[in-house]
Amino acid sequence: MGALAGQYAAKAGVRQDESGRIDVLQSIGGVRGLAESILPGLLFTVVFTVTRDLQVSLVAALAVSAIFTVVRLVSRTPLTQAISGLVGVAICAFVANRTGNAEDFFLPGFITNAAYILGMVISIAVRWPLAGLLFGFIRGEGVDWRKHASRVRAYSLATWLIIAVLALRLIVQVPLYLADNIAALGATRVAMGVPLYALGLWFAWLVSRPDAQKQQDPPA
């Protein structure tokens, strides 16, 4: 299990900066990763709001996502984030095109959000909180934090913070989806997407830092 946790932490892309704090920007893929996450959905919203043409809007979102992938391919930088983004946009476009409803472009994101929430709740229940898997190896703890009740509690709290971010997205965006408010839905998706996740990740890092737990641990 420890080896699998290490692989997951490495693939998640979470990084520390030189001062030992979480490097939020690099953890979300840097400026390029931020653009790759935001622009397809933003462009879809803007184009559809202006033209009310679903097909044109879907092509615009797919095109910008494909361009990001090609740029990474040409520059020989890691393709994982760009390809996963392209696949995600393609799924969203397929669903919206199949139903003929522009708001369904955002539906797969709700399902993914709910799945992440469920997975994180389960990780807390089985005492393998996701934040521990993300941060433990970066901090040099490996999975040894599971031997200390205070560390498990800290990482559980950190995981609940990330869950709160994902739940907040659903609370705000699902009513907009049901109201067919594409403009507001697109705007909130941008605002509550990667930027809000990055903020939640930063708070999760703070509340789970080892120094915050030393005073709570009884002496050996």
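Okay, hi everyone. Some ground rules before we start. The model is predicted, so to speak, with local features needing pLDDT of at least 70 and side-chain atom pairs counting only at pLDDT 80 or more, while totals for chains, interfaces and linings use all residues. Residues are numbered from 1 along each chain as its sequence is written, and side-chain values use heavy atoms, with hydrogens and water left out.

Let's begin with the overall picture. The protein chain has 11 helices and zero strands. Here, helices (H or I, at least four residues) and strands (E, at least two) are DSSP runs, numbered from the N terminus. Of the 220 residues in the chain, 41% are buried. Buried means under 20% relative accessible area, exposed means over 50%, and partly exposed is in between, with a 1.4 Å probe and protein chains only.

How about contacts, meaning heavy atoms within 4.5 Å? Take the contacts between residues at least 6 apart in sequence: 65% of them join residues at least 24 apart.

Now, the salt bridges. Side chains of opposite charge can pair when their charged atoms come close. For us, a salt bridge is a side-chain nitrogen of Lys or Arg within 4 Å of a carboxyl oxygen of Asp or Glu. How many salt bridges does a search of the whole structure find? Three.

Pair one is E36 with R72, at 2.6 Å from N to O. E36 sits in helix 3 (residues 30–51) and R72 in helix 4 (residues 54–75), so this pair ties together parts that are 36 residues apart in sequence. Are these two buried or exposed? Both E36 and R72 are buried.

Pair two is R151 with E141, at 2.9 Å from N to O. This one links distant parts of the chain too: R151 is in helix 8 (residues 149–178), and E141 is in the loop between helix 7 (130–135) and helix 8, 10 residues apart. R151 has a relative accessible area of 5%, so R151 counts as buried. E141 comes in at 15%, so E141 is buried as well.

D144, with a relative accessible area of 43%, is partly exposed.

Conventions. Contact = heavy atoms within 4.5 Å.
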